[in-house]
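Open your viewer and keep the selection tool at hand. We will walk through this molecule stop by stop.

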Amino acid sequence: MNIERLRAYLLSLPAAVEDFPFTPELPVYKVMGKMFAYASPDESPPRLTIKLDPLHGQLLRSTYAAIRPGYHMNKEHWNTVLLDGSIPEEEILSWVDESYELVVEGLPHRLKKKLADERKA
């Protein structure tokens, strides 16, 4: 998957922003201040780390060699996807959506309401 296309997709999600809290080379994608993904575009191959339901993440890790426990993250919830071309783009984008929605579900009520209001505008 092309890293620029992935970046554009990540930023197309409602209220998604790109931040660089760790290093200038490591973009972090957040919704309402909470991280739902981060990329390692300079790695070879590039990598994307996303949050998935623990059982879904385990299943994907056992299915794809290009999916590993999240690097420097809670390995139960976070998964690192090697963007080596072995996984169809549509699947990766659906996992991005899952990560985004899991983070949104965990937001406090006031932030969920603010996000819902932004989605309507």
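Predicted model: local features only at pLDDT ≥ 70, side-chain atom pairs only at ≥ 80, totals over all residues.

**Stop one: Asn79**

Select Asn79. You are now in strand 6, which covers residues 78–82. Is Asn79 buried or exposed? Its relative accessible area is 0%, under the 20% cut-off, so Asn79 is buried.

Now show side chains. Which side chain makes a polar contact with that of Asn79? Pick Arg61: the two side chains meet at 2.7 Å.

Next, look at the surroundings of Asn79. Leaving aside residues up to four places away in sequence, Asn79 touches Leu48, Thr49, Ile50, Leu52 and Gly57, among others. Also in touch with Asn79 are Arg61, Ile67, Arg68, Pro69 and Gly70.

**Stop two: the aromatic pairs**

How many aromatic pairs are there to find? The count is two.

Select Phe36 and Tyr100. Their ring centres are 5.3 Å apart. The planes stand at 90°, over the 60 degrees required, so this pair is edge-to-face. Trace the chain from one ring to the other. Phe36 is in strand 3 (residues 34–40), while Tyr100 is in helix 3 (residues 89–105). Phe36 has 0% relative accessibility and counts as buried. Tyr100 is buried too, with a relative accessible area of 1%.

Move on to Tyr64 and Trp95. This aromatic pair is also edge-to-face: the centres are 5.7 Å apart, with 65° between the planes. Where do the partners sit? Tyr64 is in the loop between helix 2 (54–63) and strand 5 (67–69), and Trp95 is in helix 3. Here 31 residues separate the partners, and again distant parts of the chain are linked. Both Tyr64 and Trp95 are buried.

**Stop three: helix 3 and helix 4**

Two packed helices are described by the angle and the distance between their axes. Show helix 3 together with helix 4, residues 109–120. Their axes come within 10 Å and cross at roughly 130°. Helix 3 and helix 4 are therefore oblique to each other.

Which residues make the contact? On helix 3, select Tyr100, Glu101, Val104 and Glu105. On helix 4, select Lys112, Leu115 and Arg119. Colour these residues by class: three are nonpolar, four are charged and none is polar.

Technical notes:
Residues numbered from 1 in each chain as written. Heavy atoms only, no water. Helix = DSSP H or I, 4+ residues; strand = E, 2+ residues; numbered from the N terminus. Buried < 20%, exposed > 50% of the residue type's maximum accessible area, 1.4 Å probe, protein only. Polar contact = N/O pair within 3.5 Å; in protein donor to acceptor, adjacent residues only side chain to side chain. Contact = heavy atoms within 4.5 Å. Phe/Tyr/Trp six-rings, centres within 6.5 Å; stacked < 30°, edge-to-face > 60°. Axes fitted to C-alpha atoms, helices over the stretch in contact; angles between N-to-C directions. Parallel < 35°, antiparallel > 145°, perpendicular 65-115°, else oblique. Nonpolar A, V, L, I, M, F, W, Y, C, P; charged D, E, K, R; others polar.
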